[in-house]
Amino acid sequence: MSIAPVIKGWCPGALRPMLSGDGLVVRLRVPQGRLTVVQARGVAELSQRYGNGMLDLSNRGNLQLRGIDPARHEGLIDALRALALIDADEHTERRRNLMVTPFWQAGDDTNFLTQQLIAAAQVHALPDVSSKFGYAVDTGQQPVLQGDPADIRFERAAEGQLLLCAEGAEMGKPISLETAVTEAIALATWVRAQGASRAARALAAGATVPSGFDHPRQSGLSTPTLGHYPAGALVACAFGQMDAETLTALANLGPLRLTPWRMVLIEGATALPDLPSLITDAADPLLRVVACIGAPGCAQARGETRELARDLAASVPQGQRLHVSGCAKGCAAPRATDITLTATVPDQYDLIRNGHADAAPDLRGLTPAAIASHLRKSADAP
Ligand code: SF4
């Protein structure tokens, strides 16, 4: 019998951490998604001093320290505050939920808008809609964050002008840099007035976006591949997890920009680092699998996830994605994936095609061996 996961309805932060199976999860909303060399080295050292030395990149581009002893949380926060990584209070932290394209350049519109939004969060001008409510600042030539969770998006139309967009709406509103934050506040206030915690939920419940949202958005690019970009080199960590030694080694190469794709951009790097724990080959099968921490790291998990995902990665057809979830909550993949395995009891998984971890299964109660056999047969089928 499977037991429904507990939906806590809020996301952990640093000031409001969440208790997991391995201690507190302390999630850093890194300003502009950028860690300086000093900050990255400092976070690595603190993750060992206060936690279990393991760090996660979240699917919103945040960085989580794991295994924090609750009795030492306050000391950790003081140390992180000294690195300028902690907000003044919990109200600011809740509002400063920003995801930023890692390809921004100093002084560009993304850089400018992000600073404006941070300033608005600091004076609590951004409405407190919910702890999951967030903004994506994605004003490069073509959006790259459309597949990642956000409620209000700043994008660029095909003709080049800035657009304000609500998640779930096909059209955006042309805005200027001067009015962007005021317009975003008005849109967030509108979502809250609908009684919804998320923009897409307000629209799905039948609300109509306010007037002025009448300009076509352009389709975004899919998740970027590993390699070199004008801003630096993009590398990945399996399951978005890295240890403190890896973070220190990355910091030694330059400032780091975090992404929602379990990838890190090493600012200014012109060569891909040769670190055994990093993925630098775009054809690596591990890029085809996502998995939450599962058992025993998460108290809600019904089964193990990452070892199974590693074992199955090579069987996942190129171009497809496998999601292994420790329970029906599906934290690692908020959207549907080609194949999802949801643990129900230890060593048994439900298989879902083209759905989320809580969707009706196509096959139930499969063992790891049965899953491997099923994937092999599917790959061989004409
Ligand atoms: S999906 Fe994974 S991380 Fe999320 S609650 Fe379930 S077991 Fe825990």
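At what angle do helix H1 and helix H2 pack, and how far apart are their axes? I put this to the model, which is a predicted one, and found that H1 (residues 37-50) and H2 (residues 73-82) pack at an angle of about 170°, with 11 Å between their axes. That angle makes H1 roughly antiparallel to H2, since angles over 145 degrees count as such.

I then looked up which residues make this contact, and noted Val43, Leu46 and Tyr50 on the H1 side, meeting Gly75, Leu76, Ala79 and Leu80 in H2.

Entry on the domains. I noted that the protein is divided into domain 1 (18-87 + 228-279), domain 2 (92-216) and domain 3 (285-380). For domain 1 and domain 3 I looked up the distance between centres, taken over C-alpha atoms, and it is 26 Å; to their contact domain 1 brings 12 residues and domain 3 brings 16 residues.

Entry on the sheet. In what order do the 6 strands of the open sheet stand? I read the order as E6-E7-E8-E9-E10-E11, with mixed pairing. Strand E6 (98-100) and strand E11 (215-216) stand at the edges and have a single partner strand each, so one side of each is left without a neighbour in the sheet.

I followed the pairing from E9 onwards, where strand E9 (residues 162-166) and strand E10 (residues 171-174) run antiparallel and are joined by 2 bridges; here Leu163 stands opposite Pro174 in E10. The hairpin of E9 and E10 has 4 residues between the strands, and in this hairpin I noted that Gly168 takes a positive phi near 100°. E10 also pairs with E11 in the antiparallel sense, again over 2 bridges, and in this case Gly172 stands opposite His215 in E11.

I next asked which helix lies across E6, strand E7 (135-137), strand E8 (152-156) and E9. Helix H4 (residues 109-122) does so, and I recorded that H4 runs at about 170° to E6.

Entry on the ligand. Which residues are around the ligand? I listed Cys292, Cys298, Gln300, Ala301, Ser325, Gly326, Cys327, Lys329, Gly330 and Cys331.

Methods
Residues are numbered from 1 along each chain as its sequence is written. This is a predicted model: local features need pLDDT of at least 70, side-chain atom pairs count only at pLDDT 80 or more; totals for chains, interfaces and linings use all residues. Side-chain values use heavy atoms; hydrogens and water are left out. Axes are lines fitted to C-alpha atoms, for helices over the stretch in contact, and angles run from 0 to 180 degrees between N-to-C directions. Angles under 35 degrees count as roughly parallel, over 145 as roughly antiparallel, 65 to 115 as roughly perpendicular and the rest as oblique. Contact means heavy atoms within 4.5 Å. A residue is near a molecule or strand if one of its heavy atoms lies within 4 Å of it. Two strands pair if DSSP finds at least two bridges between them. Domain bounds come from an automatic or database domain assignment.
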